[in-house]
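Please keep the sequence at hand as we go.

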Amino acid sequence: MLSTESKLWQSTDSKITFLIGKVTPKLKSITEPAYFAKSSAQLDKDGQFSMSIDLQSVNTNIEIRNQRLKDWFFETSKFPTATVTGKLDSVAINQMKIGDILLLDQSLVLNLHGQDIDIIAPLLISRTSKNKIIVNTRHPVILDVRQMNMLNEVSKLVEGMGLSSIWEQVPIFFYGEFTTK
């Protein structure tokens, strides 16, 4: 029997991936994956969720593109991290038995570039062992750079990379393994 007492769940191995869509001057559409290599997250005993994403760890597998995203889009010299916070149902999570799945459409707040953005994350949480849960998005969270007031940063990328355009809507995926003692 699993304990139903509230626990502290932590993850240092989360995967935050996103897609970059762009259109070249010859109007060729290209979609490329990218991810953040460093993040940490926790869900405390009261259900408070917090995640910190190291924006310097952005990885597109092309160094110059990584640097352009850091310098021109994320402006990591001023905004080195992004955070995601929210309140989850820790009782429901802790009551899950091994093999159980919990579906949540979770309200969260993303703080990026000094702004708070309300998002809804469609989560699938599965209990894989006494001390481990896996959390992932059922489908991507779509962030709109207009909503984030980051059109100027996108314009810098378009101009600097010689593109016709870059998608203003960015699909983001999450996968995290959380453990407790």
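## Ground rules

Two strands are said to pair if DSSP finds at least two bridges between them. Helices (H or I, at least four residues) and strands (E, at least two) are DSSP runs, numbered from the N terminus. This is a predicted model, in which local features need pLDDT of at least 70 and side-chain atom pairs count only at pLDDT 80 or more, while totals for chains, interfaces and linings use all residues. Residues are numbered from 1 along each chain as its sequence is written, and side-chain values use heavy atoms, with hydrogens and water left out.

Let us begin with strand E10 (residues 132-137), which is joined to strand E9 (residues 115-129) by six bridges in an antiparallel arrangement. These two strands make a hairpin with two residues between them, and Leu123 is placed opposite Thr137 of E10.

E10 also runs antiparallel to strand E13 (residues 169-179), with five bridges joining them. Here Ile133 has Phe178 of E13 as its bridge partner.

Buried means under 20% relative accessible area, exposed means over 50%, and partly exposed lies in between (1.4 Å probe, protein chains only).

E4 pairs with strand E1 (residues 9-11) in the antiparallel sense over three bridges, and with strand E5 (residues 48-54), also antiparallel, through five. E4 and E5 form a hairpin with four residues between them, and Gly47 in the turn has a positive phi of about 90°.

Lys7 sits in the segment before E1. It counts as buried because its relative accessible area is 10%. Leaving aside neighbours within four places in sequence, Lys7 is in contact (heavy atoms within 4.5 Å) with Leu43, Asp44, Lys45, Asn94, Arg127, Lys130, Asn131 and Thr180.

In strand E1 you will find Gln10, which is partly exposed at a relative accessible area of 41%. Not counting residues up to four places away in sequence, Gln10 touches Ala41, Gln42, Glu177, Phe178 and Thr179. The C-alpha atoms of Gln10 and Lys38 are 14 Å apart, with 28 residues separating them along the chain.

Ser90 belongs to helix H2 (residues 90-94). Why does Ser90 count as buried? Its relative accessibility is 6%. The side chain of Ser90 reaches the backbone oxygen of Lys45 at 3.2 Å.

## The cavity

Rolling a probe the size of a water molecule over the atoms shows where empty space is left. On a 1 Å grid over the protein atoms alone, a cavity is a set of points where a 1.4 Å probe fits but cannot get out, and lining residues have an atom within 4 Å of a point. Grid points are joined across faces, edges and corners, and the volume is the space filled by probe spheres set on them.

The structure holds one cavity of 30 Å³ or more, and the largest cavity has a volume of about 720 Å³. It is lined by 43 residues, of which Ile16, Ile53, Leu110, Leu143 and Ile172 are the closest to its centre. The lining divides into 40 nonpolar residues, two polar and one charged; Ala, Val, Leu, Ile, Met, Phe, Trp, Tyr, Cys and Pro count as nonpolar, Asp, Glu, Lys and Arg as charged, and the others, Gly among them, as polar.

Notes
On a 1 Å grid over the protein atoms alone, a cavity is a set of points where a 1.4 Å probe fits but cannot get out, and a pocket is an open set with protein on both sides within 12 Å along at least five of seven lines; lining residues have an atom within 4 Å of a point. A polar contact is a pair of N or O atoms within 3.5 Å; within protein, one must be able to donate a hydrogen and the other to accept it, and residues adjacent in sequence count only if both atoms are side-chain atoms.
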